[in-house]
Amino acid sequence: MSPSLRLALRNLRRSWRRSALTALAVGAGVATLVAADLISRSVTEEIARTAESEAITAFMSEQMNVGLTVVGLVVMAGAGLLTFNAFAMAVTQRREDLGRLRAAGMARRQVLQMILAEAALIGAAGAALGALGGIGLSRALINLVQQTSELFNRFGSPPVSIPRLLWAGALGVIVALISAWFPARRATAISPLAALRPSETGGFERPAHRLALAGLVVAAGMWGYLAVDPPGLWILPPWSNVLSMALGALWLLCLLLALPSAIDLAARAFRRPLTRILGVSGRLACDNLRRARSRVVFTVLTLAVAVGMIVGVTGYLAYWFDELFYRTSEVVLQENPGLGFFPINIDAGLAGYTGLTDFTLPEGLAGEVASIVGERAAVVESFFVLAPELSFLGDRYFSYVLDPRSIRESGPLLFSFTYGDWDRALEIADRGCALLLTPTVAARNHAWLEDTIRVTTPHGSLDCTIAGIGPTFVGASIISDAGIAAFGLQAPVGINVFPRTPADRAAILPELEALAGRHDGVWMMDLARLTEIQREGMKSVGTVMDGMLLLAVFSAALGVVNTAAIGTSERRRELGILRAAGADRAQVSRILITEGLLMGVLGALIGTLAGVGLVVVYVVTSAGAPFGYPDFPAWPAALSSAQPALLRGAVAALAAPFLTAAAAWLPARRAVRAPVMENLAEARRGW
Amino acid sequence: MEPIIAAKDLQKHYPMGEVVVEALRGLNLTVRPGEFVAIMGPSGSGKSTLLHLLGGLEVASSGEVRLRQQSLSALGERDLTLMRRRKIGVVFQFFNLLPTMTAEENVALPLLLDGRPARETSARAAEALGWVGLAERRRHTPDRLSGGEQQRVALARALITRPDVVLADEPTGNLDSASGEQVLDLLRRACLEKGQTVLMVTHDPAAAARTDRVVFLRDGRVIDEVRGPGLTPEAIVHAQARLKD
């Protein structure tokens, strides 16, 4: 065994708590990535048995996988921050040890190998924990969703994906190595003379206020521009996505530049009130936040990332579900809710799909419905297909095949024009295949009104002309009924009935209910109820994401424990001075716990600011562009989407300080119970 | 006169792996009020351990330490802490000041810990700093003070509560000769002007010669002592040499 590896193992054993916490954080990231894949595949495993049911549900799996994987990557990034911080502090803590090794003849390369070996071993341990934990996490989240969701009440049990396990595990190790790289490089620069000179803990570190000022100025400029000329009112995809990502990154950069100064200013601001409340303990806690800047900044940052994700995802989902998907439908369905005939009991949720082998309505049912309603309602037969070119999200978002004339009669629920008109669209539909799309899908195909898109069908390609661009129901593209033959569709998946007046609705309802009763395997449902179930189901996705994001919070809490512990360990002598001067255990504990509390408050506030800012930037930059809503109220929608996000942030701001104070309590307890002279001794043991 | 400090049959053992180190083996010592006592001995003789036990910084394995007739071993953790805060002042070799506090705040630390009013704390800290000749440096943090100045701040902190005893563990060990002389002068003045009782661990015969009495330790016991007036470094060196025989 090489000396570097032998020493790495010794260091891991010596600092087993730090190593364990870091491995747990890496494990949290790996677990999230493994669980993301399992959960998303389990959504559709049991229900995607027919082409139609797969068309309807495939996007759920894909989007869930994408969304949860992004969450997993963020959790992994948090673990990376924690690992960096832990190794950076460990190198400082072990400065004299490293000096002794160098004095004894250890080469710089060997020092580097030793620390990277520690990181690799921690990463590997985390990967193994995460692989097991991911399976457990997916089960726990699935159970939670099953208990709480009307729609997502049935999940399959897919096998664990070995490629995903390996990929996630490898990423865990790589993140640990990358995070430890810079501290390892710093360790190689430690002089052998460090062994002879005891290191002193530093005084105040002055942050670079100029950087903070620059960040504030840039941020103010950005927000001023967005207030005056929201790009969402004129920009189209894909540029809306590009711009929102760029501005979102700029916002985060500005916050990052301002972070050290914000911590410094907050510490100064809290100093007097905390001194009044807690005495010298409160004052010292505030002073300690202004020292060891990188330790405090990274700890606050780790927390801020976790809270920011929770807040950002909340606002993002609120925007998509409340402002985009159901913007039109909410109004339309309130005024005159339509009715739908379906081959499954939608009220039964995903459980209704189980065992289904035929996902179509009986032949002739549409005719029976039409003969009942006559002129009192528009009847629209719905077919669902998968056409990657027309997918609104990813590659597996369903598209409708609908008769354009029926759509026109049914009102704005299914489609309304932002570009184009019905007369021209119907002309196009009469000539062949016509498409009604959102601007997002049109932009994906680099096409616009009256351009042609070649659509892939099971029986070959189909050239379709874009007949209209505007918001569709839940963003799904609409292919005219020319697609029925092209896709080889036999029978519709749904029959929607749109009464012309409420009186017409009241008149036809009993007969339609009786009609549904006469057919086995046919259910009739109020479309408002359908939409409600869909919205609730989509919000269940939020529940899953929340569960994952709690892991980010958990990882952040581990970060606080780790940095509090290492920080306490670094300052043992100071704690000894206080005890020798007559500070009792409670007073010393209060210093450390108050530091944790303050970091929690700061992390939650900054995270909330980051998350809400990202939501508002995104909404104001893309506005209704993905859907093509005309005159989309960008700022009202942004503020509306920000409200649930802010609420989450407020909860985090209340809860995080307790979490971080509790996380700081354990190392505090250990430090104050040690004898006074043990703390004052020069040699410091590792955490 | 009743002794201000009395150590009786003091023992202290440290487990070091499989070996038990006996730092003190039944040590007896009494100190009168206002005395300036030096404690000398070779490395490992138990000097610093004795000081730590007298200051309540460590707990004896057996035996008793009495400070003004109060037995330290009878005190719980909280009372011992209060004793350290109000009745005992400690000066260390490496100053041990808090880096984020100014000189004034470091001096005032025991009073701040006691929750004394700000006005009283400020006034007494200013007085203590003035007494050690550092009034004009009161707003400086330790990184802006020389070694000698830091040690004088530490001494002011030890004296601010008007303690029963000041314990100084190699107070000049990290100072140049001029700064060391200044600190020793102040310790002497504390005894003369304030009636302070001072115990000082030192390796330096010249520093020991400034005291009223020098106690020699070896192997955890008091083996000899020499008393003033008129102690000289040469006499102390001579006494040390005699003990080696």
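These questions and answers cover a helix pair in chain A and a sheet in chain B of a predicted model.

The model is predicted: local features need pLDDT of at least 70, side-chain atom pairs count only at pLDDT 80 or more, and totals for chains, interfaces and linings use all residues. Residues are numbered from 1 along each chain as its sequence is written, chains are lettered from A and ligands numbered from 1 in the order written, and side-chain values use heavy atoms, without hydrogens and water.

Visitor: Are α2(A) and α6(A) roughly parallel or roughly antiparallel?
Guide: Helices are DSSP runs of H or I with at least four residues, strands runs of E with at least two, numbered from the N terminus. The axes of α2 (residues 16-45) and α6 (residues 162-188) of chain A come within 9 Å and cross at roughly 155°. Angles run from 0 to 180 degrees between N-to-C directions of lines fitted to C-alpha atoms, for helices over the stretch in contact. Over 145 degrees counts as roughly antiparallel, so α2(A) and α6(A) are roughly antiparallel.

Visitor: Which residues of α2(A) meet α6(A)?
Guide: Contact means heavy atoms within 4.5 Å. On the α6(A) side are A:R164, A:L165, A:W167, A:A168, A:G169, A:L171 and A:G172. They meet A:V26, A:V30, A:L33, A:V34, A:A36 and A:D37.

Visitor: Why is β8(B) largely enclosed by the rest of the structure?
Guide: Buried means under 20% relative accessible area, with a 1.4 Å probe and protein chains only. B:T197, B:L199 and B:V201 point one way and B:V198 and B:M200 the other, all buried. β8(B) (residues 197-201) is largely enclosed because the buried count is 5 of the 5 residues.

Visitor: Which residue of β8(B) is the bridge partner of B:F36?
Guide: β3 (residues 36-40) of chain B runs parallel to β8(B), joined by 4 bridges. The partner of B:F36 is B:V198.

Notes:
Parallel < 35°, antiparallel > 145°, perpendicular 65-115°, else oblique. Buried < 20%, exposed > 50% of the residue type's maximum accessible area, 1.4 Å probe, protein only. Pairing = 2+ DSSP bridges.
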